[in-house]
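Have a look at the sequence and the structure below. We'll walk through them together, piece by piece.

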Amino acid sequence: MENISITKADSSHLEQIEAIEKTLEHRNLSYDSIKKDLERDNAYYLVAIDNTTNIVVGYIGCELLVDHADIVSIATDKNHLKQGIASSLLNTLEKELKEKKIESIFLEVRTSNLPAINLYTKLNYNKISTRTKYYDNLEDANIMKKDLI
Ligand SMILES: CC(C)(COP(=O)(O)OP(=O)(O)OC[C@H]1O[C@@H](n2cnc3c(N)ncnc32)[C@H](O)[C@@H]1OP(=O)(O)O)[C@@H](O)C(=O)NCCC(=O)NCCS
């Protein structure tokens, strides 16, 4: 992880975020929709950059809503999985949101997405409810929450 920097995302990262999105099984956000998300006033996005190549290897995005945040996306590039990148993105996001006096973070995750559920559980997110048939394929979502304050 010493080769990875976490920094605030900006429009210069859009193409590389889109490139990672295109490889995901369930999500393929277009350049335009990522751009729209990133430009929203209440959006907060971070990218993980490999310092040796200057390439984006992961990102996280959330929406800030008064006293809490909703994570809208998190992903790590396929060639950089299981190296602590998503953990590092979440840890940095939590630290920065705490400084903004955000009290808690919420997220939805597919009940079949074990890597993500394990990630969130490891970082002390708790399942607080289930949304049935939440996704397009009618899969349920686990709603998870972490209190920051
Ligand atoms: C979920 C995801 C973001 C994890 O990214 P990552 O950078 O590989 O995660 P980390 O290396 O920080 O892993 C942290 C923990 O997550 C869990 N985890 C990560 N990948 C896992 C896998 N393939 N199987 C089981 N658990 C896994 C483990 O508990 C791991 O801790 P450990 O390394 O001590 O075992 C990544 O798999 C991904 O991009 N998936 C596709 C997009 C996605 O599903 N996003 C979540 C939407 S809710």
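What percentage of the 149 residues in the protein do buried residues make up? The answer is 25%. Keep in mind that this is a predicted model.

**The overall layout**

Let's start with the parts list: the protein has 4 helices and 7 strands. Reading from the N terminus, the elements come in the order β-α-α-β-β-β-α-β-α-β-β. The radius of gyration is 15 Å, close to the 15 Å that the globule rule gives for 149 residues, so the protein is as compact as a globular protein of that length. If you draw a box around the C-alpha atoms along the principal axes, it comes out at roughly 40 × 35 × 30 Å. And take the contacts between residues at least 6 apart in sequence: 55% of them join residues at least 24 apart.

**Strand β2 and its partners**

Now find strand β2, residues 43-50. Of its 8 residues, 6 are buried, so β2 is largely enclosed by the rest of the structure. Strand β1 (residues 4-8) runs antiparallel to β2, with 5 bridges joining them. Strand β3 (residues 55-65) also pairs with β2 in the antiparallel sense, over 8 bridges. To spot these pairings on screen, look for K8, which stands opposite L46 in β2, and for Y45, whose bridge partner in β3 is G61. The hairpin of β2 and β3 has 4 residues between the strands, and N54 takes a positive phi there.

Two other residues, neither of them glycine, have a positive phi as well: V66 and K101. Here are the phi values side by side:

| Residue | Phi | Where to find it |
|---|---|---|
| N54 | near 65° | hairpin of β2 and β3 |

Are V66 and K101 buried or exposed? V66 has 9 C-beta neighbours inside 10 Å, so V66 counts as exposed. K101 has 10 other C-beta atoms within 10 Å, and therefore K101 is exposed too.

In soluble globular proteins, nonpolar side chains tend to be buried together. Here, the largest nonpolar core has 33 residues, and those with the most contacts inside it are L46, A48, Y59, I60 and L89. At least two residues of this core come from each of α1 (14-21), β2, β3, β4, α3 and β5.

Which residues is L89 in contact with, leaving aside its neighbours within four places in sequence? They are I6, L46, A48, G58, I60 and I74.

**Around the ligand**

Finally, go to the ligand. There are 20 residues around the ligand, and T76, A86, S87, P115 and L119 come nearest. The elements that give two or more residues to this shell are β4 (68-76), α3 (85-99) and α4 (114-122). Which element supplies the largest share of the shell? That's α4, with 6 residues. Sorted by type, the residues of the shell are 11 nonpolar, 7 polar and 2 charged.

Conventions. Residues are numbered from 1 along each chain as its sequence is written. This is a predicted model: local features need pLDDT of at least 70, side-chain atom pairs count only at pLDDT 80 or more; totals for chains, interfaces and linings use all residues. A residue is near a molecule or strand if its C-beta atom, placed from the backbone, lies within 6 Å of it. Ala, Val, Leu, Ile, Met, Phe, Trp, Tyr, Cys and Pro count as nonpolar, Asp, Glu, Lys and Arg as charged, and the others, Gly among them, as polar. A residue is buried if 20 or more other C-beta atoms lie within 10 Å of its own, exposed if 12 or fewer, and partly exposed in between; C-beta atoms are placed from the backbone. Two strands pair if DSSP finds at least two bridges between them. The radius of gyration is taken over C-alpha atoms; the globule rule is 2.2 Å times the number of residues to the power 0.38. Two residues are in contact if their C-beta atoms, placed from the backbone, lie within 7 Å. A nonpolar core is a set of buried Ala, Val, Leu, Ile, Met, Phe, Trp, Tyr and Cys residues joined through C-beta atoms within 7 Å.
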